[in-house]
Amino acid sequence: TVSSQIMSLLSGLLVLHKPGGITSAEAVACVKAALRRRGGKALKVGHGGTLDKAAEGVLVVGIGDACKQLHSFLSGRKVYRVSARFGEATDTYDATGVISRSCPFNHITRPAIVQTLAQRFTGHIKQVPPPFSALKVQGQRMSDIMRSGGTVLPVARPVHIGRVEVTAFNLPDVVLEVDCGGGTYMRSLVHDLGIALDSCAHMTALVRLQQGAFSLDKALKREQWTEQELLRRLQAVDENQNPNVR
């Protein structure tokens, strides 16, 4: 049919700059709504790795048959700019949560952070995900269990952090740039770094600078999520190509 022919043409990847304040699913819904006139209600749209609602940055979105390639982005390389505040821990490990404890932080130095990151948080490590996360336990999201008054005991998982740099140091605030593999939680990195430095910390902001071969400077801002601009920027995908290399 004509509609199926049109839908077959609507296939490829889009690189969005997701703003803070909307979920990754809401960003996908915006794209689907913008392309509905061209692709119909049955058009497949998905994303290649969740960004928390408060976070911003690169969100790779698949259209049509290109959705089959999205799994590669889940495990692929990502680069983040992570803002952390020492001296306060929160139940969610980020600024959306409730402060759970306060700790001294004036003893922390930039060299101490650099050394601790190199020795304990670089390479192949085990990381415990935040209790408030989208990971599921017996079919339920851990965050849903926690918000309903339950408790969860997250299990440490292997992750890979290739590079961590301290790009700003102004206690209690520190900014890191992290190059890592899929499944690495920046909230847990900040939380665990605070403990390792005999203090506590939580993440105050997160920006995904890069996902696979796609960088933030090429991503479509929210005002550009129009049918015309999305179609113009739709990138074809070769099924045999590694989407993390371009």
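Good morning. I begin at a strand pairing, where Asn170 stands opposite Asp173 in strand S11. The model is a predicted one, in which local features need pLDDT of at least 70, side-chain atom pairs count only at pLDDT 80 or more, and totals for chains, interfaces and linings use all residues. Residues are numbered from 1 along each chain as its sequence is written, and side-chain values use heavy atoms, with hydrogens and water left out.

A word on the labels: helices (H or I, at least four residues) and strands (E, at least two) are DSSP runs, numbered from the N terminus. Two strands are said to pair if DSSP finds at least two bridges between them.

Let me stay with the strands. S10 and S11 pair in the antiparallel sense, over eight bridges. A hairpin passes from S10 to S11 through two residues. S10 also runs antiparallel to strand S7, residues 123-127, and five bridges join these two. Within S10, Val159 has Ile125 opposite it.

Which residues of H4 are buried, that is, under 20% relative accessible area, where exposed is over 50% and partly exposed lies in between (1.4 Å probe, protein chains only)? They are Ile113, Thr116 and Leu117. Because they cover an arc of only 100° around the axis, they lie on the same side of H4; the arc is that of the directions from the helix axis to the C-beta atoms. As a general point, an α-helix has 3.6 residues a turn, so residues three or four places apart point the same way. The face of H4 turned away from its buried side carries the exposed residues Pro111, Ala118 and Gln119. The cover over the buried residues of H4 includes strand S4 (78-86), S10 (157-170), S11 (173-180) and helix H6. At the start of H4, a side-chain oxygen of Thr109 comes to within 3.1 Å of the backbone nitrogen of Ala112.

Now the interior. A nonpolar core is a set of buried Ala, Val, Leu, Ile, Met, Phe, Trp, Tyr and Cys residues joined through side-chain atoms within 4.5 Å. The largest one has 28 residues, of which Val82, Ile113, Leu117, Leu176, Val178 and Met186 touch the most other members. S4, H4, S10, S11, H6 and S12 each give two or more residues to this core, and H6 gives the most, with five. Apart from it lies another core, of 18 residues, among them Ile22, Ala34, Leu43 and Leu234.

Finally, the disulfide. Cys103 and Cys200 form it, with their sulfur atoms 2.3 Å apart. The pair links distant parts of the chain, 97 residues apart: Cys103 is in the loop between strand S6 (99-102) and H4, and Cys200 is in the loop between H6 and S12. The link is right-handed, with 120° about the S-S bond, and both cysteines are buried.

In the loop between H6 (186-196) and S12 (201-211) we also find Ser199. Ser199 counts as buried because its relative accessibility is 4%. A polar atom of its side chain lies 2.8 Å from the backbone oxygen of Pro104. Leaving aside neighbours within four places in sequence, Ser199 is in contact (heavy atoms within 4.5 Å) with residues including Cys103, Pro104, Phe105 and His107.

Thank you for your attention.

Note on methods. A polar contact is a pair of N or O atoms within 3.5 Å; within protein, one must be able to donate a hydrogen and the other to accept it, and residues adjacent in sequence count only if both atoms are side-chain atoms. A disulfide is a pair of cysteine sulfur atoms within 2.5 Å.
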